[in-house]
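Here is a friendly briefing to read with the model open beside you.

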Amino acid sequence: MAVNSYTGFRFRTHRSSFLLSIMFSCLFEGNFSHLGLSDSDGARFIKMFADVFENKATRPVKNFSQPLDINLTIYLHAILGLDEKQEILTTYIWMEQSWFHDFLVWDPSNFSGKERVALPTEKLWLPDTFIIETVDGDKSPETSYLYVHHTGQVIYGKPLRIVSSCNLNILYFPFDIQKCPLTAASITFCDEDMKLHLKQTSEEITSKSKKIFASKGEWELIQIEAYEKALLADWQRFHLISLEVTMKRRPMFYVVNLLIPSAFLMMTDIMSFYLPTHSFDRASFKMALMLGYSVFLIIVKDLLPSNSTHTPLIAICFLVSLTFMVASLFETIIIINMIHQNAKQRKAVPTWMRTIVLYYGAKLFWRQGRRQEYHQVSRVPGTTNITDQECEMKSSWPAETQMVQVLLRKVAEGMEEIKQCLERHNQQREMEEEWLQIGYILDCFLHSVYLIFFMAFLFTLSFAWLM
């Protein structure tokens, strides 16, 4: 069963490759369903050009001092992938080459009016054109035939799966635009023997490539710049066809999975400033939020591109956002320590701090300190303060009266102690309230500084991404 499945898979693969070759041939060369010759015409054709088929190793020119002109056309069919870490681009292209074979010319009237025929590729000389940036073998299906016009024009087209190197700039990921070169050249022939020429302009190549562009994945084709150039290597000069493929990344996937969750976590951190300043739950909440953001960065790290030359802005954005969260936690720790530690040690608010924070700071943030409502302890009336002289004057009173006087004296002393205790408590409460107000105003100030720096960072990041 496994063997049958594998056989069926191979059959479908070869069938798809064959159909793709036929589709390309029909697309770029028209309908070739009536190119066959009759048996007699075919036999005469093979006999007439037998020497040409036998001498396929030599360039098909009568004058060896003249270079062979190759007209080249390349269409981009799909962008299969881009590996940012290894800087490798995988594309699927259609390359068509045409040249004139000086020894393969016939009169159509001698062959039933046939103007062009299909011949096996192994029967004729073929140019050794390749893509210079290629870093892996071509795994595209082979084309077994080419077409020859009665004037000697040979048209040879084939699909190519190109795995090429590309110098990437991932700084603006995921809103980046990449430009990758594809340079076609001959492996062995210099410009004295063979020259490559563009058959179409850059605009025509771009327009045709966009029409047949089959990829709806991560990358969008923007433009293809094509031009001819010469390369001087040692004592030889080579003629090249250089293409620069400009493509733009579709960022929606990364916006939804990276930027929006990060923005939600940052908004939560900003809103956490509105939790009570003196509550320990605020510090716990910020610590849990920072831990959650760290886990988020660990999860999404595989989605971020990386290489040795550039660090993307989105990675810097995540790092700065985590830094803001850490700074927010430090601010909360400082404020809580200021409020609780100073109140516990019964430290009075310094005069300069009371003036700067409670006066000018409250006006700056349109805040007013709470009106303190303390319990005023009424003093014990003077009649309850029994002195020793009064006791001596009333020594003649009965014993029961003297006991009552002693009891009242003790009650008066107890009331005085209670009054002093309440006054100390009110002073402590007043200091705590002042430290709480100072912490609240400082928290508003640091929150404003936090928002200013964060908005400045967002504006700079957005400007760098969009511009």
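The count of disulfides here comes to 1, in what is a predicted model. That disulfide joins Cys166 to Cys180. The protein chain around it has 10 helices and 10 strands.

**The disulfide and the cysteines**
- A disulfide is a covalent bond between the sulfur atoms of two cysteines.
- In the Cys166 to Cys180 pair, the S to S distance is 2.0 Å, which is within the 2.5 Å cut-off for a disulfide.
- The pair links distant parts of the chain, with the two cysteines 14 residues apart. Cys166 sits in the loop between strand 6 (153-165) and strand 7 (177-186), while Cys180 belongs to strand 7.
- The disulfide is left-handed because the torsion about the S-S bond of Cys166 and Cys180 is about -85 degrees.
- Cys166 has a relative accessible area of 4%, so it is buried. Cys180 is buried too, because its relative accessibility is 1%.
- Two further cysteines to look up are Cys190 and Cys317: Cys190 is buried at a relative accessible area of 6%, and Cys317 counts as buried at 7%.

**A cis peptide bond**
- The loop between strand 6 and strand 7 also holds Pro174.
- The peptide bond from Phe173 to Pro174 is cis, and its omega is near 5 degrees.

- You can find His239 in strand 10, which covers residues 236-249.
- With a relative accessible area of 18%, His239 is buried, because the cut-off for buried is under 20%.
- The side chain of His239 reaches the backbone oxygen of Leu196 at 3.3 Å.
- A polar contact at 3.5 Å connects the side chains of His239 and Glu228.
- Leaving out residues up to four places away in sequence, the residues that His239 touches include Ala184, Ala185, Asp191, Met194 and His197. Lys195 and Lys229 are also among them.

- Helix 10 spans residues 399-466, and Leu407 is located in it.
- Leu407 counts as exposed, with 55% relative accessibility.
- Together with Val411, Met415, Ile418 and Leu422, Leu407 makes a nonpolar surface patch of about 450 Å².
- Ser462 is in helix 10 as well, and is partly exposed with a relative accessible area of 35%.
- The side chain of Ser462 reaches the backbone oxygen of Leu458 at 2.9 Å.

**Positive phi angles in loops**
- Glu87 is a residue other than glycine with a positive phi, near 55 degrees. Its place is the loop between strand 1 (68-83) and strand 2 (88-100).
- Ser112, again not a glycine, has a positive phi near 55 degrees. This serine lies in the loop between strand 2 and strand 3 (116-120).
- Is Ser112 buried or exposed? At 65% relative accessibility, Ser112 counts as exposed.

**The chain as a whole**
- The protein chain has 467 residues, and 39% of them count as buried.
- Taking contacts between residues at least 6 apart in sequence, 78% join residues at least 24 apart.
- The chain exposes about 28000 Å², and carbon and sulfur atoms supply 60% of that area.

Notes: Residues are numbered from 1 along each chain as its sequence is written. This is a predicted model: local features need pLDDT of at least 70, side-chain atom pairs count only at pLDDT 80 or more; totals for chains, interfaces and linings use all residues. Side-chain values use heavy atoms; hydrogens and water are left out. Helices (H or I, at least four residues) and strands (E, at least two) are DSSP runs, numbered from the N terminus. Buried means under 20% relative accessible area, exposed over 50%, partly exposed in between (1.4 Å probe, protein chains only). A polar contact is a pair of N or O atoms within 3.5 Å; within protein, one must be able to donate a hydrogen and the other to accept it, and residues adjacent in sequence count only if both atoms are side-chain atoms. Contact means heavy atoms within 4.5 Å. Accessible areas come from the Shrake-Rupley method with a 1.4 Å probe; for residues, only the protein chains shown count as cover. Patches are made of residues with over 30% relative accessible area and no salt bridge: like charges are joined within 9 Å, nonpolar side chains (Val, Leu, Ile, Met, Phe, Trp, Tyr) within 5 Å. A salt bridge is a side-chain nitrogen of Lys or Arg within 4 Å of a carboxyl oxygen of Asp or Glu.
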